[in-house]
Amino acid sequence: MDKTCKEKDWRRAIVSVGKRLFQLVAALVVLSMLVFVIARLCPGDPLKAWYGDGVEHMSQEQKEIARENLGLNDSLVTQYARWAAGVFDGDWGISYQYKQPVMTVIGKLWQNTLLLGVSAYVLTFGLAILLGRFCAYREGSLVDRIICRVGVISGNIPAFFLAMVMILVFAVKLQILPVGGAYSYGNQDSFSDRLVHLILPVSVLALEHLWYYAYTIRNRLIEETRQEYVLLCKAKGLKGRRILNRNCMRNVLPSLLTLMALSVPHILGGTYVVETVFAYPGLGKLSFESAMYQDYNMLMALCMITGFVAVVFQMTAQFIGEWLDPRMAYERRVAI
């Protein structure tokens with residue numbers, strides 16, 4: 001009997017993994033088609049990315065020849081099929097702007113974005129858990145109300161505006177932090193110099209997302225304190241802080257881990273704006289430049305990477321939730 005149940009569990013797990021892999025591939029294919037079509041419908045001339053300002057001095061015949069050489073005169077179906085075939089063979093094409101293979105350019109910059117994103121992620125959730133727990137323990141107090149009001153205000157300030165204000169204050173007026181970039185000239189290998197350059201962009205990213213997650217954690221902890229087992233713990237003489245830290249935090253852990261997994265693409269998307277404002281050499285700034293110059297191959301690669309990360313972590317969040325709380329998997333199967 002136990003052997004039969006285990007076999008059913010293995011089959012169910014394999015089928016579930018297969019469905020998720022199919023959903024991942026299908027989502028990426030649909031995303032690639034949408035980005036491919038939208039990018040080519042946007043106004044602009046991709047020849048400018050390849051030839052620079054020299055394209056303005058080219059005759060119409062020369063432009064047509066250049067388009068033919070780049071394959072831009074082919075139909076959208078032909079262009080997409082050629083791009084998809086190249087990706088299948090591991091060739092993402094040549095960047096119009098950098099005149100290098102797309103993955104070569106991305107390989108030089110992805111570590112900067114990863115460092116920025118991970119730093120902001122750790123700082124955001126470290127502070128969010130502390131703030132959420134602090135406010136939940138002091139629910140309704142003056143401190144809780146003040147933090148909530150300040151958090152609502154800071155959380156609704158656009159990232160680009162907050163970044164410019166911080167540049168004006170700390171880089172221009174006080175002159176204690178660098179304006180932008182990932183490192184000073186000649187200090188590429190200096191850890192301390194990179195750390196200093198990370199302070200402003202990481203702070204902007206953390207302030208942009210901090211209160212949303214802190215407020216979510218606060219509300220879930222407050223909701224958990226309304227449960228009957230909390231009243232029983234108080235009747236046994238346990239202190240409120242101990243109940244909150246040991247019992248309530250443990251019970252909201254599944255939803256917290258799911259929230260943390262879902263937040264990865266959210267925070268990653270924030271790095272794109274911050275990198276552009278601070279001229280930080282990463283994938284966000286590269287995406288902005290690719291869209292501006294219509295560097296199709298680079299734009300497609302960056303959109304696919306971002307989409308892959310978003311879909312994978314969304315599925316990871318669902319997997320974590322079902323693993324920690326099997327009721328979620330049962331409810332999903334019943335709904336289907």
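This report describes a cavity, the cysteines and several individual residues of a predicted model.

## Basis of the description

The structure is a predicted model, in which local features need pLDDT of at least 70 and side-chain atom pairs count only at pLDDT 80 or more, while totals for chains, interfaces and linings use all residues. Residues are numbered from 1 along each chain as its sequence is written, and side-chain values use heavy atoms, with hydrogens and water left out.

## The largest cavity

A cavity is a set of points, on a 1 Å grid over the protein atoms alone, where a 1.4 Å probe fits but cannot get out; lining residues have an atom within 4 Å of a point. Grid points are joined across faces, edges and corners, and a volume is the space filled by probe spheres set on the points. The structure has one cavity of 30 Å³ or more, and the largest cavity holds about 30 Å³ of space.

The lining of this cavity consists of Ile217, Arg220, Leu221, Val252, Ser255 and Leu256. Helix H8 (191-225) and helix H10 (240-277) each contribute at least two residues to the lining; helices are DSSP runs (H or I, at least four residues) numbered from the N terminus. Four lining residues are nonpolar, one is polar and one is charged. In this classification Ala, Val, Leu, Ile, Met, Phe, Trp, Tyr, Cys and Pro count as nonpolar, Asp, Glu, Lys and Arg as charged, and the others, Gly among them, as polar.

## Cysteines

Zero disulfides are found in the whole structure, a disulfide being a pair of cysteine sulfur atoms within 2.5 Å. For Cys148, the closest cysteine sulfur belongs to Cys135 and lies 5.2 Å away, which is too far for a bond.

Gln79 belongs to helix H4 (residues 76-88) and is buried, at 7% relative accessibility. Its side chain makes a polar contact with the side chain of Arg40 at 3.1 Å. A polar contact is a pair of N or O atoms within 3.5 Å; within protein, one must be able to donate a hydrogen and the other to accept it, and residues adjacent in sequence count only if both atoms are side-chain atoms. Leaving out residues up to four places away in sequence, Gln79 touches Phe36, Arg40, Gly71, Leu72 and Asp74, where contact means heavy atoms within 4.5 Å.

Ser32 is found in helix H1 (residues 2-41) and is buried, with 2% relative accessible area. The side chain of Ser32 reaches the backbone oxygen of Val29 at 2.6 Å. Not counting residues up to four places away in sequence, Ser32 touches Tyr80, Trp83, Met300 and Met304.

Ile167 lies in helix H7 (residues 159-173) and is buried, its relative accessible area being 13%. Apart from neighbours within four places in sequence, Ile167 is in contact with Val172, Val179, Val277 and Phe278. The C-alpha atoms of Ile167 and Val15 are 52 Å apart, and 152 residues separate the two along the chain.

Asp53 occupies the loop between helix H2 (47-51) and helix H3 (60-70). Asp53 counts as exposed because its relative accessibility is 56%.

Note on methods: 1 Å grid on protein atoms, 1.4 Å probe; cavity = no way out; pocket = protein on both sides within 12 Å on 5 of 7 lines; lining within 4 Å. Buried < 20%, exposed > 50% of the residue type's maximum accessible area, 1.4 Å probe, protein only.
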